[in-house]
Amino acid sequence: MTTIEAPRSPKPARTRRRGINGEKWGWIYMRASGLVLVILIFGHLFVNLVSGKGVNAIDFAFVAGKLADPFWVVWDTLLLWLALIHGSNGIRTLINDYTRTPLTRRILLIAVATATAVLLILGTLVIYTFDPCPAGAAANLVPSFCQGR
Amino acid sequence: MSTATLDSKPTVPDEIPSFTATIIVRRFDPDKDAEPYWQDFDVVMYGTDRVLDALHKIKWEQDGSLSFRRSCAHGVCGSDAMRINGRNRLACKTLLKDLDISKPIYIEAIKGLPLEKDLIVDMDPFFESYKAINPFLISNTPSKDGKERKQSPVERARFDDTTKCILCAACTSSCPVFWTDGQYFGPAAIVNAHRFIFDSRDEGAQVRLDILNDKEGVWRCRTTFNCSEACPRGIQVTQAIAEVKQAVMRGRA
């Protein structure tokens with residue numbers, strides 16, 4: 001007798017992995033970061049797109065001016081880390097749900113982890129090493145506080 | 001005193017209205033078929049008939065080889081969960097007249113469990129998950145005076161909803177996470193864990209919470225609500241899972 005091959009039967013005798021199980025913390029992280037991100041993202045969108053001159057205000061000087069302010073440095077750092085990890089953790093659960101073989105799962109998870117790490121490092125680097133007054137730039141393109149230098 | 005008599009004769013219609021329903025069943029015979037296929041049947045049915053009656057009519061009058069499970073036929077045993085017009089329901093609780101009978105009615109086996117024949121699936125993986133959560137009262141303290149363990153109505157009401165489960169697998173086999181690789185415990189197992197975790201007489205909550213804190217435990221629930229919609233007993237399955245999540249986070253029931 002042939003039965004249709006069972007693609008989804010549980011592994012024989014549920015082997016309970018020992019050690020720390022991150023799933024609970026992953027789940028809690030998604031809820032907690034989600035709440036904070038609502039404030040961070042809408043604050044970011046409001047300041048960049050609505051307040052003052054609105055979207056027309058965005059140019060090099062606007063961004064440079066923001067990144068010279070410690071408040072926005074902290075805000076953008078939080079936004080970068082919370083949002084990126086939130087997103088990559090979501091992709092991780094999708095990969096866990098949809099991949100069919102352990103090998104593809106492994107490859108995709110490593111790819112996501114690598115991309116996340118690279119983006120986090122690059123983003124953080126930009127936020128903290130950003131030079132708002134590059135040498136030799138035209139005065140009308142850089143923030144106003146560059147004049148005195 | 002007089003004996004109650006019928007004053008006027010009840011009106012009996014000359015003919016009970018009937019209709020022809022087209023039932024399309026997903027057939028599979030492991031001895032003959034490589035793949036499942038759809039087969040049409042036309043049956044004359046009445047307004048009071050259920051999907052199960054239609055299946056009976058097919059099996060008894062048209063094709064005796066049609067295989068499906070059913071035991072009590074009254075929505076209690078949980079044997080005849082199947083996918084009717086794309087939704088998991090009990091064939092014995094679904095009236096034909098509630099479906100759109102102007103169109104064919106599609107009936108197939110529940111998804112996510114190995115198909116054995118026609119509408120019959122291998123329920124072993126489902127019951128393995130159920131067994132894994134220790135579905136029995138765990139208590140290390142002897143009962144008072146050797147008598148029954150008393151419980152207040154409030155304590156009983158805490159887990160009343162999840163006592164209704166009949167283990168028909170309609171919820172678990174409607175869960176998209178269960179479909180993916182079948183490793184997830186599934187809503188039914190979590191519902192039955194909930195039934196004991198929140199039972200004031202039970203002392204095994206910690207054991208069950210540890211089991212469900214597994215990689216394949218409650219955290220794989222994506223709150224799709226498919227299970228709550230599928231449950232023929234109206235159990236708020238997603239809510240029960242959320243309560244178990246809360247209990248795992250707090251570390252106690």
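What percentage of the 253 residues in chain B is buried? Buried residues make up 50% of them; buried means under 20% relative accessible area, exposed over 50%, and partly exposed in between, with a 1.4 Å probe and protein chains only.

This is a predicted model: local features need pLDDT of at least 70, side-chain atom pairs count only at pLDDT 80 or more, and totals for chains, interfaces and linings use all residues. Residues are numbered from 1 along each chain as its sequence is written, chains are lettered from A and ligands numbered from 1 in the order in which they are written, and side-chain values use heavy atoms, with hydrogens and water left out.

Start with the fold of chain B. It has eight helices and seven strands, taken as DSSP runs numbered from the N terminus (helices H or I, at least four residues; strands E, at least two). Its C-alpha atoms fill a box of roughly 70 × 65 × 30 Å along the principal axes. Of the contacts (heavy atoms within 4.5 Å) with a separation of 6 or more, 63% join residues 24 or more positions apart.

Now the salt bridges. B:Lys164 pairs with B:Asp161 at 2.9 Å. B:Lys164 is partly exposed because its relative accessibility is 29%; B:Asp161 is also partly exposed, at 25%. B:Lys103 meets B:Asp100 at 3.7 Å. Here B:Lys103 counts as exposed, at 51%, while B:Asp100 is partly exposed, at 38%. One network links A:Asp97, B:Asp181, B:Glu216, B:Arg220 and B:Arg222.

How values were computed
Salt bridge = Lys/Arg side-chain N within 4 Å of Asp/Glu carboxyl O.
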